[in-house]
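Here's a quick briefing to read with the structure open. Grab a viewer and follow along.

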Amino acid sequence: MICRFVELETSIRGTLGLLNNAPENLKPEEWVILIGLIKVLKPFEEATKAISGQKYITASLVIVIVQGLFKVFDNLLKMNFTQRVLEVVEKLLANMNERDSFKHMEKSKTLSRCTFLDQRFRHIPFNHNATLLNTTKNDIIEKTSEIIRSKYIEEDGTHESATLVDVTHSNSEQLSIWKDIDSCVAKSTPMGTAKSRAIVEVQRYLEDPIITRCQDPLKWWKEHSYNYPHLSGLAKNTLCHLGTSVPCERIFSSTGLVLNDRRCRLKNEKS
């Protein structure tokens with residue numbers, strides 16, 4: 001609204017000059033303040049639009065967006081704004097620092113897993129904190145180990161065996177042009193404990209090149225699921241988390257426009 005108001009400054013000034021009982025117009029310094037506020041609030045608008053999407057994953061964006069907001073406001077404090085605009089910047093930054101949901105966002109295991117498994121970001125948001133990076137990486141390795149243990153059969157019932165039998169061999173009766181090469185690759189794959197295999201898979205994932213921010217990480221995981229059979233399963237179950245409840249609220253709002261007291265017996269194909 002403020003942005004549109006500033007865009008119409010010339011029209012507003014001209015219209016007010018033609019009115020007999022026109023309200024008091026803004027002073028020149030007040031127009032400057034509005035222009036400064038637009039620059040200050042623009043990052044919040046960008047963050048809100050990005051985190052409220054429903055056609056792409058959003059939970060992995062939360063930590064990155066929060067870190068970006070703090071860096072933007074640190075830069076805003078160094079810009080040549082009027083005193084009143086700088087006071088707004090300082091107040092917003094102070095409020096963000098007071099909120100635990102902003103200050104300790106990286107400590108959320110769910111959000112950390114989503115960010116780590118997003119091939120666009122991976123370990124980069126945690127590079128400033130080696131302890132946090134190791135904690136997140138170990139958490140991913142442990143979750144991957146659990147998936148491996150659940151998919152493979154232990155040869156020894158008392159302790160984890162050094163070799164694991166792949167359940168996918170049960171599909172050997174199915175004919176496929178890839179059957180022979182897949183069998184050779186499976187035999188050449190180094191076997192070990194569930195945790196050692198998880199470590200190898202996570203390390204190979206970290207060595208892969210990072211994709212650009214405009215690419216779809218879900219598509220990347222689908223194309224590379226053959227190289228990461230267990231980590232891709234964890235990514236599929238983790239990246240589905242939502243960053244906000246906005247998509248759910250949109251569903252309720254759209255449903256409320258369709259189903260009402262006069263249309264309460266609609267069939268499924270119409271609702």
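Let's start with Thr-136, which is buried, at a relative accessible area of 4%; the cut-off for buried is under 20%. Keep in mind that this is a predicted model.

**Around Thr-136**
- Thr-136 sits in helix H8, which covers residues 130–151.
- Its side chain reaches the backbone oxygen of Leu-132, at 2.9 Å.
- If you skip the neighbours within four places in sequence, Thr-136 is in contact with Ser-112, Phe-116 and Phe-126.

**H3 against H4**
- Helix H3 (residues 28–51) packs on helix H4 (residues 62–76) at an angle of about 175 degrees, and their axes are 10 Å apart.
- Angles over 145 degrees count as roughly antiparallel, so H3 is roughly antiparallel to H4.
- On the H3 side, the contact uses Val-40, Pro-43, Phe-44, Ala-47, Ala-50 and Ile-51.
- H4 brings Val-62, Ile-65, Leu-69, Val-72, Phe-73 and Leu-76.
- Sorted by class, that contact has 12 nonpolar residues, with no polar and no charged ones.

**H4 against H5**
- H4 and helix H5 (residues 83–98) have axes that come within 10 Å and cross at roughly 150 degrees.
- That pair is therefore roughly antiparallel too, and H4 passes H5 in a left-handed crossing.
- From H4, the residues involved are Leu-69, Phe-70, Phe-73, Asp-74 and Leu-76.
- They meet Leu-86, Val-89, Leu-92, Leu-93, Met-96 and Asn-97 in H5.

Key. Residues numbered from 1 in each chain as written. Predicted model: local features only at pLDDT ≥ 70, side-chain atom pairs only at ≥ 80, totals over all residues. Heavy atoms only, no water. Axes fitted to C-alpha atoms, helices over the stretch in contact; angles between N-to-C directions. Helix = DSSP H or I, 4+ residues; strand = E, 2+ residues; numbered from the N terminus. Parallel < 35°, antiparallel > 145°, perpendicular 65-115°, else oblique. Contact = heavy atoms within 4.5 Å. Nonpolar A, V, L, I, M, F, W, Y, C, P; charged D, E, K, R; others polar. Left-handed = near helix turned anticlockwise from the far one by under 90°. Buried < 20%, exposed > 50% of the residue type's maximum accessible area, 1.4 Å probe, protein only. Polar contact = N/O pair within 3.5 Å; in protein donor to acceptor, adjacent residues only side chain to side chain.
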